[in-house]
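Dear colleague,

I am passing on a structure that is new to you, and I would be grateful if you could look it over before reading the notes below.

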Amino acid sequence: MKKVILIGRPNVGKSSLFNRFVGKRIAITSDISGTTRDTNKTVIEIFDKKCILIDSGGLDDSSEMFAKVQAKTLKEVQNCDIILFIVDGKFMPSDDEKKLFHSFSGLNKPLALVINKIDSKKDEERSFEFIEFGAKDKFNISVSHNDGIDEVKSWIYKLLDDEISADESENFDDFISNLDENGEILEEKDESFYENKPIKVGIIGRVNVGKSSLLNALVKENRAVVSEVAGTTIDPVNENYTFNDKVIEFVDTAGIRKRGKIEGIEKFALNRTEKILEQCDIALMVLDASEPFSELDERIAGLAAKFELGVIIVLNKWDKSEEDFDKVQKKIKDKFRFLSYAPIISVSALGGKRIHKIYDMILEIYANFTQKIATSKLNDFIAEATAQHPIPQDKGKNVKIYYAAQIGFAPPKIALVMNRTVLHFSYKRYLINQMRENFTLNGTPVILLPRKKGNGKDEK
C-alpha cells in the first residue's frame, strides 16, 4: 500500500488537511506553531482505493526541539511514495520553503505543491507568486472551506493505480451496471431509512446572534436560556417539533467565538458542536443582520460545508437592519461562495416574524438532500451537458464520461465512470451548476465522484 506524506513548515495546515482527508478529527490542530511533533498515520480510502496517509511535524530547525522534529520528518519522507508539500497562501513564498521543495524534487517521487488558505481573490492572486517553485503539479486549496480538496485527491488517486487489481475495479462496473433505470441500488441506507427518521437540524453561528431565541421560536416554547451575555449556551439543547407529520429535531449548539477567545469549557463546547454536526442533516446558519458579517461567520459556515450538510442561511434580527434585502443577499453570496446553494431567509426570532417559513424550507431541502435521481435522467443530462461544453483534455488526452449513477444519499453522491480520473475542478463546478438547473437540488450540496472504468488504468 502506497504511503502519502503531508510536509511543510509549522502552521501551514497539514493537520487540518490530514483530518479533512480522514473525514474526522484525528490530528490536533492549533494556531500554535509546532503542535504536531510526531507523525500521525492512518489508512484512508480515496474514492475506491486505499493508501497510508501521514501527517508529519513541521519543517523548522529554529530550536533544538524543532530540529529533532524536522530530522524525524525528513527520515519519514525517504520511506514514502507520494509527497504533498503544503505552504500557507496567506504569505509570500520564503527562500527556505523553495530550498526545501527543490530538495524534495531531487527524490524523484511524485511531488505536489499544495497552497492552503486560499480563501479570497486576493489570496488567489498571491498564489501566482509560488510559480517560482517550478512545481509540475500545483493546487490551490482552502481546507477550512473544503475547496480544492477533491482535485488533490484525484491527483493522488491517479498515482494509486498499481495498488488496485482488475477484479476490484471491475466490481465497481458490475455494481453500476446492476442499477436499474431508477437507480434503486444505493448505499446501505435505503430511501425508507430517511423517510422514517427525524430530520436533525443543527443551529450554528457565533455567540449572541440569536440561536437560542430561534430555537425557542421554532419549537414554540422557552426551551433554551436566552441572555444578552454572550456564550450562554454551552451544552447542546435539543427539542423535537412535528410539522406536517414529520418530526424535526432541532439542536441549538454553543456559540463560537474567535479562536483566540476559546478557552476551557468553551473549547469542549466547540468540539461537541462539530460532533453534533457530524450527525445532522441540515444546518441553520444564523447571522446577525444588525451587524457586519465577519471572518468568523465565514469560518463557522465552513463547518456546514465540511460536514456536507443541507443549509439554510438565517438572517436574524432583521427588524434591526436598515439594509435592502437584495443587497444583503448579494453580500452573503459573495462572502459565502462555497454555500451558494443555500437559500437565505430574513427573520426576527424574538418577534416571531417569518419563522413559520423555515419549516417548509427544511422539508423541501431534506427532500432534495435525500432524493435519488433516476440513472436514465442522469445520463441524458451528462450527454447534453458534455455536448454543450466539451470536457477539457488532460495532458493532451481526451477525457470521456461513459455513464453516471447515483451511489449515495444525504447528500446526493454521483459516480462518473470515466476513461481517466482527472476532472478539472472548473468543469466539475460547471456540471454541478448545470445539475442545479435540471434537478431539484436547492439547499443541498452535490458530490461528484470520478471513477475509472474497467481495469482502473487511464486510457493512453
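This is a predicted model: local features need pLDDT of at least 70, side-chain atom pairs count only at pLDDT 80 or more; totals for chains, interfaces and linings use all residues.

Helix H1, which covers residues 14–22, packs with helix H5, residues 149–159, at an angle of about 75°, and their axes are 12 Å apart. Because angles of 65 to 115 degrees count as roughly perpendicular, H1 and H5 are described as roughly perpendicular to each other. On the H1 side the contact is made by Leu17, Arg20 and Phe21, while H5 brings Ile149, Val152, Lys153 and Ile156 to the contact.

H5 itself is mostly covered, with nine of its 11 residues buried. Among these buried residues of H5 are Ile149, Val152, Lys153 and Ile156, each of which also takes part in the contact with H1.

Which strand pairs with S13, and over how many bridges? The partner is strand S14, residues 413–418, and the two strands pair in the antiparallel sense over six bridges. One of the residues involved is Ile401, whose bridge partner in S14 is Met418. The hairpin of S13 and S14 has four residues between the strands, and in this hairpin Ala410 takes a positive phi near 50°. Strand S13, residues 401–408, is mostly covered, since six of its eight residues are buried.

**A loop residue.** Lys136 belongs to the loop that lies between helix H4 (121–127) and strand S6 (137–140). Is Lys136 buried or exposed? With a relative accessible area of 72%, Lys136 is exposed, because the exposed class begins over 50%. Although Lys136 and Leu111 are 25 residues apart along the chain, their C-alpha atoms are separated by 8.1 Å.

**The cysteines.** A disulfide is a covalent bond between the sulfur atoms of two cysteines. A search of the whole structure for such bonds finds zero disulfides. Two cysteines can still be placed by their accessibility: Cys51 has a relative accessible area of 0% and is buried, and Cys80, at 2% relative accessibility, counts as buried as well. Both values fall in the buried class because that class covers anything under 20% relative accessible area.

With kind regards

Conventions
Residues are numbered from 1 along each chain as its sequence is written. Side-chain values use heavy atoms; hydrogens and water are left out. A disulfide is a pair of cysteine sulfur atoms within 2.5 Å. Buried means under 20% relative accessible area, exposed over 50%, partly exposed in between (1.4 Å probe, protein chains only). Two strands pair if DSSP finds at least two bridges between them. Axes are lines fitted to C-alpha atoms, for helices over the stretch in contact, and angles run from 0 to 180 degrees between N-to-C directions. Angles under 35 degrees count as roughly parallel, over 145 as roughly antiparallel, 65 to 115 as roughly perpendicular and the rest as oblique. Contact means heavy atoms within 4.5 Å.
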